[in-house]
Amino acid sequence: MMVKRSNVFILDVIYLVCLILSSIISFTMFSNDILSFPFWINLAASYVAMTTLWIYARHVMQNMDRFKRFVPGYTAIGIVLIIYLGCVIFYALFVGFADYALRWFVLLHVITAALAFILCAILMIYIRSGSEHEANQQLNINDWKSIENAMYQLLNIMDKHPMLNVEKDRKSVEAIIELVKYSDPIAPAAVQYNDRQILIDIELLREELSTQYEAGEVVNSERVAMQLSRLMSRLKERNQQILSLKS
């Protein structure tokens, strides 16, 4: 999904305005503490919090399709960043007293930043895992669609080849196509290798028959029937294996 540059520009303007307002408010409200270390710690922390939130908002705007697929994860990251910014703003109320407990003030900022980072990292791992799982599922679907297409191509070759126009073999191919249509395309990792091998075997059979057809050779119908029967058995075994693994 394309994002209008004007929207990103508006977000950038809002970010700059927030930085300027934050600076003005800090230097105005805490003018007596400008020379203190806690003041600059809190100001830097507020800049970091706002910048992180700005980067997150830009990322969401530029990757809206991904955001829509993983709404809970991305929403949780946004909530964590907003809470972190809220904590930094809250800590600013104690800048005037922080000189009396400077170590604890610094430690509080460090712990808050570390917790926000850890939570965001965990959520990013969750999103990444979900993204990989989705990509793997799409790959499974594409592989299974390739098997179905290969079987249709095999059926077309049998229709064109006069020596293969045997009703029994044709019904076997149609039965395999029906089995493929109503099979679960999402295979666990333990079955994925078997799916690729089935596709390879179908393509090898299709290429073999196509070559023999073009060369005008006589095709061994018994061999074709045996290979189709083997394919049917492997597909049924594959479906049983998936049911066992998913149950």
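Mentor: Cys87 is partly exposed, since its relative accessible area is 23% (buried is under 20%, exposed over 50%, partly exposed in between, with a 1.4 Å probe and protein chains only). The model is predicted, so local features need pLDDT of at least 70 and side-chain atom pairs pLDDT 80 or more, while totals for chains, interfaces and linings use all residues. Residues are numbered from 1 along each chain as its sequence is written, and side-chain values use heavy atoms, without hydrogens or water.

The sulfur of Cys87 has its closest cysteine sulfur in Cys120, but the two are 12 Å apart, which is too far for a bond. Cys120 is likewise in no disulfide (a pair of cysteine sulfur atoms within 2.5 Å), and the structure holds zero disulfides. Cys120 is buried, with a relative accessible area of 13%.

Turning to the rings, the structure holds seven aromatic pairs (centres within 6.5 Å; planes under 30 degrees apart are stacked, over 60 edge-to-face, the rest tilted). One of them joins Phe27 and Phe39, whose ring centres are 5.3 Å apart with planes at 65°, so the pair is edge-to-face. Because Phe27 lies in helix 1 and Phe39 in helix 2 (residues 37-62), this pair ties together parts twelve residues apart in sequence (helices are DSSP runs of H or I, at least four residues, numbered from the N terminus). Phe39 is buried, at 2% relative accessibility, whereas Phe27 is partly exposed, at 32%. Phe27 also pairs with Trp40, with centres 5.8 Å apart and planes at 70°, so this pair too is edge-to-face.

How values were computed. Phe/Tyr/Trp six-rings, centres within 6.5 Å; stacked < 30°, edge-to-face > 60°. Helix = DSSP H or I, 4+ residues; strand = E, 2+ residues; numbered from the N terminus.
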